[in-house]
Amino acid sequence: MLPAYVPNTLAALCGGGIPIDLGREYSDGRRLLGDGKTYRGLLIGVLAGIAVGFFQIWLLRTYSWDVLPPQTFLSVIALAVGALLGDMTKSFFKRRLGKDRGEQWPVADQYDLVAGAFLLLLIIDPSWLFTTITLPILIVILILTPVLHRMVNIIGYLCHIKDVPW
Ligand code: CTP
Ligand code: MG
């Protein structure tokens, strides 16, 4: 899951600047995505996720470390791109519910990246998804994701990178 987890953190660290929705509003008068989704965050996040995944592939090939999942170029790209697409989709619906940028939306805020990554995998590499993400692994992911999410956000808050600890 590293190629899916890294993009969110890197987007929060390096994001900012021009928003993806270019400030545009939806028919409900609220922002399409909001200022929390920027081109810089998307680009740096996706590139960082892909870099981590390619490093995993390199480790696997060089040291034949079978503790690592058998990442492929396709799985890495789907995990990294899907994670931030899921995050953007979440923000779209979050705005439609009238929630402001940075406001809490439990469950969706934590699992957006998992849903996005798995949905994209389902489309572009379903065989990888079903052979790698077995039921026990899925359960670990579902438990670990909110825990990691919370931990990273508290660290980000304490380091003044995030305005809120969630
Ligand atoms: N970020 C970014 N571009 C993205 C995703 C995230 O620049 N595509 C940065 C933004 O600075 C954002 C921060 O990462 O504020 C934290 O991301 P997230 O918690 O997903 O955004 P929120 O600000 O909480 O916005 P939203 O309510 O839309 O989720
Ligand atoms: Mg948030």
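This is a predicted model: local features need pLDDT of at least 70, side-chain atom pairs count only at pLDDT 80 or more; totals for chains, interfaces and linings use all residues.

Which helices each supply at least two residues of the lining of the second largest pocket? I checked, and they are helix H5 (126-132) and H6.

**Second largest pocket.** I got a volume of about 210 Å³ for this one. H6 gives the largest share of its lining, with 5 residues. The lining includes Met-1, Tyr-5, Trp-128 and Leu-144. I sorted the lining residues by kind and found 10 nonpolar, 2 polar and no charged.

**Largest pocket.** Next I turned to the largest pocket, which has a volume of about 1,100 Å³. I found 42 residues lining it, and Asn-8, Ala-12, Gly-36, Lys-37 and Lys-162 lie nearest its centre. Its lining splits into 16 nonpolar, 14 polar and 12 charged residues. For the helices, I noted that H1 (2-14), H2 (39-63), H3 (73-96), H4 (108-124) and H6 each supply at least two lining residues.

**Asn-153.** I stayed with H6, which runs over residues 135-158 and holds Asn-153. Is Asn-153 buried or exposed? I'd call Asn-153 buried, because its relative accessibility is 8% and the cut-off for buried is under 20%. Then I looked up what Asn-153 touches, leaving out residues up to four places away in sequence: Lys-162, Val-164, Pro-165 and Trp-166.

Terms used. Residues are numbered from 1 along each chain as its sequence is written. Chains are lettered from A and ligands numbered from 1 in the order in which they are written. Side-chain values use heavy atoms; hydrogens and water are left out. Helices (H or I, at least four residues) and strands (E, at least two) are DSSP runs, numbered from the N terminus. Buried means under 20% relative accessible area, exposed over 50%, partly exposed in between (1.4 Å probe, protein chains only). Contact means heavy atoms within 4.5 Å. On a 1 Å grid over the protein atoms alone, a cavity is a set of points where a 1.4 Å probe fits but cannot get out, and a pocket is an open set with protein on both sides within 12 Å along at least five of seven lines; lining residues have an atom within 4 Å of a point. Grid points are joined across faces, edges and corners, and a volume is the space filled by probe spheres set on the points. Ala, Val, Leu, Ile, Met, Phe, Trp, Tyr, Cys and Pro count as nonpolar, Asp, Glu, Lys and Arg as charged, and the others, Gly among them, as polar.
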